[in-house]
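I opened the model to take notes on its chains and their contact. My entries follow in the order I looked things up.

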Amino acid sequence: MKKGFIGKAFLFLVLFLMYLPIVLIAIYSFTDAANIGASGKFSFNNYYTLFTTEELAGMIVGTLALALGSAMLATVFGTLGAIGVHYSKKRTAAVMEAVNQIPVINADVVTGFSLCILLVVVLGFNKDSFLPLIIGHTTLSAPFVYLAVRPKLTQMDPSLYEAALDLGASPSYALMHVVLPQIFPGVVSGFAMAVTLSLDDYFVATYTKPATFDTISTYVVNATRGSQTSIKTALWALSTLIFLVVMVIAFASNSRGKEARGNEKV
Amino acid sequence: MKMTISRKSLGIPYGIFLFLFVVAPLIVIVYYAFTNGSGHFTFENLTGFFRDPNTTGTLVYSLVLAFVTTCICLGIAYPVAYVLAMGKLKFKSVLMMLFIMPMWINFTLRITALKEILTLIEGNLAFYPFLNSVVGMTYDFLPFMILPIYTTLSKLDLSLLEAAQDLGADRKQTFMRVILPLSMPGVISGISMVFLPAMTNYVVLDMLYNSTYIMGSLIGSYFSAYNWHGGSMISLILLALICIFTLLSSGKEEETRGGSIL
């Protein structure tokens, strides 16, 4: 009994330490204090700055657009790749699988740097066209979509596809209406993964982005290299909003996951 | 016949994609690593790296930083994953999610928050650069260590533990001889998700005002100096390290898999 208590206490201590910085920032984001620990009055000023400073609002919208766009591309490529590999010969599948693993285990710095060298230095792409950045983020996340979809294909009952064909469905119809619904949870979680990877990325963006464009990551890193206090504290507000959104999504998907599991049992 | 071709051919765009944006950049890196500014073949970039005490010092510093970070992450993550997987907890899925959720919050914002706290505690971040970096890296990467260990531990066949106890093993023996070996694949994949980023994520150091270079910072500084050749060589050295780790860990994994079959 006592041992269980120590374990739980450790668990909550780690959780406490993990959330202490985020929660403190969240509390201070509602004050006019310039530093954590300084005294300040309650104020929505940081949120006001966040939404009214054009630079900040533009950077947030840009980051979201990039994340959604590159995640969609990654989902199309990764899903098609997983389906193709599933029906390919063993040797082709093994090669694809191995190459797919490279961006997954490679350091992001190396992925970003090598893509920049190829696209910008060797092929002469203009960074301002956003093309290197979009390609970079798609390359970063497509392998994870592939990895999310692949197991769903292996778990799928192959005879269902054959049955659809026997019943007169065209291959493309069977693919859309029989295979896709079965692998759909994998596609969705792959897409979600791709969005988070793009949102969290600093390195690929910093090597491939246009000089005048900033993602949240590159903006925050530049802002910490000494800038106005109003921007610094506005970023606390941003951090708090992201924390809340993540929490809502996490709890929503958790309860939905439980429902789905419940349904399966029925 | 025609339809099998069409199903397979769905993978072709992704195959081309992978070749263009994963394989081709690596070929370019290898080319740049072994040439100089005028395009001639040279080993200078490689020998230069190992002859210069600054760059070898950077390699050692990153290895030490990554090693310490990985050990601390493991030391925290294993007990956490163990209690989560084995303990009788009421809101297990909620707790697990709380441990994973920081992964979804932008790491630069999380490090900013950490920086504020560390500044409050230490007064000036410049006093403990190494300690701050280790704390920052641990804070950043801990969920990536917890998740794989938790996954392997929660899939563990509980009847094996009962069998061990029936055969007279005490709790310590059960842990050392059954649970620990069977959780090794999770431990190894956790290590591989922490060690390499800890060698390369120089933004954590930058943001916490540690001006010492790690391997990633070298790529960054060569990049700002338009030295593609130097940067490519660092990338290649990192790739070589990745290959070594992957080979070592896949060998280990097979061993444990063999063990579990026995």
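**Ground rules.** This is a predicted model, so I kept local features to pLDDT of at least 70 and side-chain atom pairs to pLDDT 80 or more, while totals for chains, interfaces and linings use all residues. Residues count from 1 along each chain as its sequence is written, chains are lettered from A and ligands numbered from 1 in the order written, and side-chain values use heavy atoms, with hydrogens and water left out.

**Confidence.** I read pLDDT as the predictor's confidence in each residue, from 0 to 100. Chain B has a mean pLDDT of 86, and 93% of its residues reach 70 or more. I marked residues 254–262 of chain B, where pLDDT stays under 50. The model has four contacts (heavy atoms within 4.5 Å) for that stretch beyond four places in sequence. For the complex, the predictor gives an ipTM of 0.87 and a pTM of 0.88.

**Chain B overall.** I found 12 helices and zero strands in chain B. Its C-alpha atoms fill a box of roughly 70 × 70 × 35 Å along the principal axes. I took buried as under 20% relative accessible area, exposed as over 50%, and partly exposed as in between (1.4 Å probe, protein chains only). By that rule, 49% of the 262 residues of chain B are buried. I also looked at contact range: of the contacts in chain B with a separation of 6 or more, 72% join residues 24 or more positions apart.

**Helix H11(B).** Is this helix enclosed or open? Seven of the 10 residues of H11(B) (residues 215–224) are buried, so the helix is largely enclosed by the rest of the structure. I listed the buried ones: Met215(B), Gly216(B), Ser217(B), Leu218(B), Ile219(B), Gly220(B) and Phe223(B).

**Thr69(B).** I found this residue in helix H4 (residues 53–86) of chain B. Thr69(B) is buried, at 0% relative accessibility. Its side chain reaches the backbone oxygen of Leu65(B) at 2.7 Å. Not counting residues up to four places away in sequence, Thr69(B) touches Val134(B), Met137(B), Thr138(B), Val194(B) and Ala198(B).

**Met233(B).** This one sits in helix H12 (residues 228–261) of chain B. Met233(B) is buried, with a relative accessible area of 3%. Which residues does Met233(B) contact, leaving aside neighbours within four places in sequence? I noted Ala33(B), Phe34(B), Asn45(B) and Leu46(B). I also checked Phe43(B), 190 residues away along the chain; its C-alpha atom is 9.9 Å from that of Met233(B).

**The A–B contact.** I counted 83 residues from chain A and 73 residues from chain B. Buried area here is the accessible area (1.4 Å probe) that two parts lose on being put together, summed over both. The chains bury about 6,900 Å² between them, and carbon and sulfur atoms give 79% of that. In chain A, Leu11(A), Met18(A) and Phe113(A) lose the most area to chain B, together 9% of what that side buries.

**Salt bridges.** I used this rule: a side-chain nitrogen of Lys or Arg within 4 Å of a carboxyl oxygen of Asp or Glu. Lys209(A) pairs with Asp214(A), closest N and O atoms 3.7 Å apart. Lys209(A) is buried at 11% relative accessible area, and Asp214(A) is buried at 19%. Lys232(A) is partly exposed at 23% relative accessibility, whereas Glu116(B) is buried at 8%. In chain B, Arg110(B) bridges to Asp140(B), closest N and O atoms 3.2 Å apart. That pair links distant parts of the chain, from helix H6 to helix H7 (residues 129–154) of chain B, 30 residues apart. I found both Arg110(B) and Asp140(B) buried.

Conventions:
Helix = DSSP H or I, 4+ residues; strand = E, 2+ residues; numbered from the N terminus. Polar contact = N/O pair within 3.5 Å; in protein donor to acceptor, adjacent residues only side chain to side chain.
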